[in-house]
Amino acid sequence: MTQTRAALRPTVLTALLAALLSVLLAPAPASAASLQEVTGFGSNPGALKMYRYVPDGLPAGRPVVVALHGCTQNAAGYASGSGWTTLADRWGFSVVLPQQQSGNNLSQCFNWFESADTKRGQGEAASVAQMVDRQLADVSGDPSRVYVTGLSAGGGMTAVMMAAYPEKFAAGGIVAGLPYGCAQAAGSPYVCMYVGATQTPAQWGDRVRAARPGYTGPWPALSVFQGTADYTVKPANMNALVDQWTDVHGADRTADVSDTVSGYPHRVYRGPSGNAVVETYSITGMGHGQPVDPGTGDAQCGAAGAYFLDVNLCAAYRLGKAWQLG
């Protein structure tokens, strides 16, 4: 018995050494993608910061999503809280995350209400447009599949980008945001937010058409998410967005689809060619924030927190499906 054990001992040691060496010599696992700051992306007249998230091994020709944070937030917090980076890894697209600086706005709100920041070729709108161009060049993204979305002030800036640079975006997603030109129509951003501006659909549409003179389309499609208990941006603003963008698309204001998604009223408005041009999600009982649905299920994404509200519906997921990202 002693001789047998002695004979087996070198074999066992050899196996252990081989296993140890295989661990030590194995290539290190690829590091997970992370948010990166990009500098020198253009003249940056709006003095914004540019961050981006690019999944490891992302092939050329993939979509780009621009995601604009709300007031008091930043790029990193919105990237993870909204669920956009999770979906980018899952479905394979890159995310551009502009970040406001306190020197521009003490509450770090994008200046959706300032004329100097909402016109084509000027201020913050021009800075975001330059970020899109830089991202498309760096990752060889698909210029026909660029989308823009944002929360609150980021939602207001989403409307700005759709109006001032309609040729750059296939669609937009506005979460608790406001129509383009709302502050000017209401005479004050606060009246716009807390009451809403009084405009006819044609007047709303004219504000968009004036943002890009001579442009005749195609126009970005629009999805809107709005809480019915939002006292920061009143639900009247969702109605104004419907009026504005159905008019731009030449659609009527009678919903072609009226159903529910996760128990919430959902409406779809189709254009003259039959394609969906505007859709709305009215989140019953939700206050001011981004709808999220934390979890590992296929339709789940986001993380609950300040202005990230767990309502069993993830806005980023619904937008991604509407935009055929995954």
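Rings of Phe, Tyr and Trp (the six-membered ring of Trp) are taken as a pair if their centres lie within 6.5 Å, and planes under 30 degrees apart count as stacked, over 60 as edge-to-face and the rest as tilted. By this rule the count comes to nine aromatic pairs. The model is predicted, so local features need pLDDT of at least 70 and side-chain atom pairs count only at pLDDT 80 or more, while totals for chains, interfaces and linings use all residues. Residues are numbered from 1 along each chain as its sequence is written, and side-chain values use heavy atoms, with hydrogens and water left out.

**Aromatic pairs**

- Trp-84 and Phe-93 form an edge-to-face pair, with ring centres 6.0 Å apart and planes at 80°.
- Both Trp-84 and Phe-93 are buried (buried means under 20% relative accessible area, exposed over 50%, partly exposed in between, with a 1.4 Å probe and protein chains only).
- Ring pairs also join Trp-84, Phe-93, Tyr-147 and Trp-323 into a cluster.
- Phe-225 and Tyr-281 are stacked, at 4.4 Å centre to centre and 0° between the planes.
- Because Phe-225 lies in strand β7 and Tyr-281 in strand β10, this pair ties together parts that are 56 residues apart in sequence; helices (H or I, at least four residues) and strands (E, at least two) are DSSP runs, numbered from the N terminus.
- Phe-225 is buried at 0% relative accessibility, and Tyr-281 is buried at 2%.

**Nonpolar cores**

- A nonpolar core is a set of buried Ala, Val, Leu, Ile, Met, Phe, Trp, Tyr and Cys residues joined through side-chain atoms within 4.5 Å.
- The largest nonpolar core has 44 residues, of which Val-66, Met-161, Tyr-165, Phe-169 and Trp-245 touch the most other members.
- Elements giving two or more residues to this core include β3 (64-68), α5 (123-139), β7 (221-227), α10 (236-249) and β10 (276-283).
- Leaving aside residues up to four places away in sequence, Trp-245 touches Ala-159, Met-162, Ala-163, Val-208, Trp-219, Pro-220, Leu-222 and Val-278, where contact means heavy atoms within 4.5 Å.
- Another core, of 38 residues, lies apart from the largest one and has Ala-79, Val-292, Trp-323 and Leu-325 among its members.

**Surroundings of Ala-88**

- Ala-88 belongs to helix α3 (residues 84-91) and is buried, with a relative accessible area of 0%.
- Its contacts, not counting residues up to four places away in sequence, are Tyr-53, Pro-55, Phe-93 and Val-95.
- The C-alpha atoms of Ala-88 and Asp-206 are separated by 35 Å, and the two residues are 118 residues apart along the chain.
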